[in-house]
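Subject: Two-chain model, handover and notes

Hello,

Please find the structure below. My notes on it follow.

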Amino acid sequence: MEDEQSFSDICGGRLALQRRCYSPSCLEFCLSCPRITLRSLTAVTCTVWLAAYGLFTLCENSMILSAAIFITLLGLLGYLHFVKIDHETLLIIDSLGIQMTSSYASGKESTTFIEMGEVKDVVINEAIYMQKVIYYLCILLKDPVEPHGISQVVPLFQGGRRQDHLCIQQKVSLGDGGILASSGRQK
Amino acid sequence: MVLKAFFPTCCASADSGLLVGRWVPEQSSAVVLAVVHFPFIPIQVKELLAQVQQASQVGVTVLGTWCHRRQEPEESLGHFLEGLGAIFSHKPWFQLCRERGSKSWSCKATHWQGPTSHAASGEDQVMLIFYDQRKVLLSQLHPPAVLPDRQAGDTTASAGGLAAVFDTVARSEALFQSDRFDEGPVRLSHWQSEGVEASILVELAKWAAGPVCLLLACLLSLVSAASACRVFKLWPLSFIWSKLSTCEQLRHRLEQLTLIFSTRKAKNPAQLMRKDLIGQLADALIPVADHVAEELQHLLQWLMGAPAGLKMNRALDQVLGRFFLYHIHLWISYIHLMSPFIERILWHVGLSACLGLTVALSILSDIIALLTFHIYCFYVYGARLYCLKIHGLSSLWRLFRGKKWNVLRQRVDSCSYDLDQLFIGTLLFTILVFLLPTTALYYLVFTLLRLLVVTVQGLIHLLVDLINSLPLYSLGLRLCRPYRLAAGVKFRVLEHETGRPLRLLMQINPLPYSRVVHTYRLPTCGCHPKHSWGSLCRKLFFGELIYPWRQRGDKQD
């Protein structure tokens, strides 16, 4: 069964959270980040080309213009492939683990899988960003040496930075609380 | 906990039979390794499993039954399969079933209490996870960065769920040796069932490659030695060789073959071997050396005048300046004497560049060192003079204050000097102090030049180190066979129908390139400078000679 809700992040971009339940032991949350707008793309391209044209009038070297075109193209490709995240998926499988997938705008997908035996807890952390306090979800991993210690804190849904997870935490924590509780973990 | 069954994708199309594998109770997961087909004799199956268990130390048992209904559902088969649960007792007993050619699977796991109390047997929810057996067999799991205080033994003891799966498949080689096409008593289906013939060919080719390569490398070295012999350079023959394009092409091919069959690591050879490039390099070297010498002469003329507005001591200035100018004159004459032979020397030296780019870079570094040899000499002269001056000054300064350095006790002691000793000491001290700016300026200029040359050489050494320590094989493996180096796994949920078990596909997540380079870095020769910045400054101030980039095991000068 599917469930979709839309929120907005700190900067006003539109986020959508989709929840799918494959079976009582498998849940998937999909958070899609705001898309790249034509306005920002045009603004960046115009800035770069105006700067290149200014340099060209100074130096009278036409290589600058070709270089500006190359820089714009390569920069856009690099941005789409390495920086811009289209949507992020969190797949929770009972007694197996938690999988986080980030899909970039160029189609690249990068996946991390954390086994359930390493997960200590799922918590909400506070962070101070500029003048605000924002909340984000993260997973605490167990420390193999010390039974009560924490070895690593893994934040979730990092693709669009400046997201405030407080408004979506209720949905996610209700969902995975059930699975984690049934695996014998405490919230 | 939900029960998990890891099922190999190669067995999804196999005929009905028994499931054979390992049960991991801590993770409640069953790793299916192979399917045993009908007909079989249970005693022989148990014997085979005992053999495999002994050979591989993996607890391989019969886990359940597999039913692939190709034709109309057969009731008798169903009852027969249930009866097998009594022969091979295992808790829990898995019953996997697949409808004819469709994607609907069903899976039951029952806990047998006994043949009479069927009512008490419980059924658990099962999750099916498909995995590619060949890839998991060949893959090596790289756990995330291990904590520094963790012992190596801990990793095997507390192996996570997935590491246990990988471990089980990797160690069960003994089970995969016999196949359903073999004549043995038991017919198994596993990853070898697809394409056994190809893997035999690959194995044969691998074994044969070693000696064949060695033989061909010897033959090729003989041929190239014969062709480089002096006889072929005599006039009629060399004219013929240059006119025939076949010989050019043969030479080109010989170079390529030597590269392919060589047993040495190759980087980027054969580009420096083009004749015109060597000639251009040789032609460029002489004017560069001349240019450097000319610039040095200008610099010395500047120092002998009034450099930066400072007033030098005229006599000392002239002496030092003329001394260094004479050296430059000698050096230029030497270079001009050597110029006809430079090209040939470079060509012979460049032959060794076919051993790789690193050799070529090292040769370049050595050429730079030879070309700037005069700068090194000037630095040594200037440093020694300055060092002597500083030592003299410090000793006479102690005399000025009425103290002396006690060599026996390694400390400064007071001393009563005679009047004439004091007089001469003070005179010498004054002379040295007033000559200090001139010497210091020469020392400063030549030290800066020397540091510049050392920096350039150091950068070349760093590049050579980087190339040497680059793990090309691991990078190639990551590019061509990414499943061999695994950072972890990723799961994909397959088509799901309500009422059927959840099906997942487990794929291997390859290691990112940065971690490949970091994990498999080759050991470098480790020529790091031995001084810290503080000791370097101290040495510069006192005029002691600096020797950077010493290899380990070199004796100190």
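By about how many helical turns are Glu203(B) and Lys206(B) separated in helix H6 of chain B? They are separated by about one helical turn, because they sit three residues apart in that helix, which covers residues 196-227. Helices (H or I, at least four residues) and strands (E, at least two) are DSSP runs, numbered from the N terminus.

Before the rest, the conventions. This is a predicted model, in which local features need pLDDT of at least 70 and side-chain atom pairs count only at pLDDT 80 or more, while totals for chains, interfaces and linings use all residues. Residues are numbered from 1 along each chain as its sequence is written, chains are lettered from A and ligands numbered from 1 in the order in which they are written, and side-chain values use heavy atoms, with hydrogens and water left out.

Salt bridges

Glu203(B) and Lys206(B) form a salt bridge, with the closest N and O atoms 3.9 Å apart. The term stands for a side-chain nitrogen of Lys or Arg within 4 Å of a carboxyl oxygen of Asp or Glu. Glu203(B) is partly exposed at 36% relative accessible area, and Lys206(B) is exposed at 55%. The classes are buried (under 20% relative accessible area), exposed (over 50%) and partly exposed in between, with a 1.4 Å probe and protein chains only.

Over all chains the rule gives four salt bridges. Another of them joins Asp167(B) to Arg171(B), with the closest N and O atoms 3.1 Å apart. These two residues lie four apart in helix H5 (residues 161-171) of chain B, so about one helical turn separates them. Asp167(B) is partly exposed at 33% relative accessibility, and Arg171(B) is partly exposed at 38%.

In chain A, the side chains of Asp86(A) and Arg35(A) meet in a salt bridge at 3.4 Å, N to O. This pair links distant parts of the chain, 51 residues apart: Asp86(A) is in strand E4, and Arg35(A) is in the loop between strand E3 (26-32) and helix H1 (38-59). Asp86(A) is partly exposed, with a relative accessible area of 22%, whereas Arg35(A) is exposed at 60%.

Chain A

Chain A has three helices and nine strands, in the order β-β-β-α-α-β-β-β-β-β-β-α along the sequence. Of its 187 residues, 39% count as buried. Among contacts (heavy atoms within 4.5 Å) in chain A with a separation of 6 or more, 41% are between residues 24 or more positions apart.

The interface

Chain A brings 17 residues to the contact with chain B, and chain B brings 21 residues. The area buried between the two chains is about 1,600 Å², with carbon and sulfur atoms giving 65% of that area. Buried area here is the accessible area (1.4 Å probe) that two parts lose on being put together, summed over both. Tyr22(A), Ser95(A) and Leu96(A) supply 29% of the area that chain A buries against chain B, more than any other three residues.

Zero salt bridges are found across this interface. There are five residue pairs in polar contact between the chains, both residues at pLDDT 80 or more. A polar contact is a pair of N or O atoms within 3.5 Å; within protein, one must be able to donate a hydrogen and the other to accept it, and residues adjacent in sequence count only if both atoms are side-chain atoms.

What does Gln99(A) reach in chain B? Its side chain reaches the backbone nitrogen of Phe491(B) at 2.6 Å. Gln99(A) is in strand E5 (residues 97-104) of chain A and counts as buried, at 4% relative accessibility. Leaving aside neighbours within four places in sequence, Gln99(A) has contacts that include Thr89(A), Phe113(A), Val489(B) and Lys490(B).

Nonpolar cores

A nonpolar core is a set of buried Ala, Val, Leu, Ile, Met, Phe, Trp, Tyr and Cys residues joined through side-chain atoms within 4.5 Å. The largest has 71 residues, and Phe491(B) is one of those that touch the most other members, as are Phe94(B) and Met506(B). Strand E3 (residues 29-37) of chain B gives the largest share of this core, seven residues. A second, separate core has 20 residues, including Met100(A) and Val154(A).

Regards
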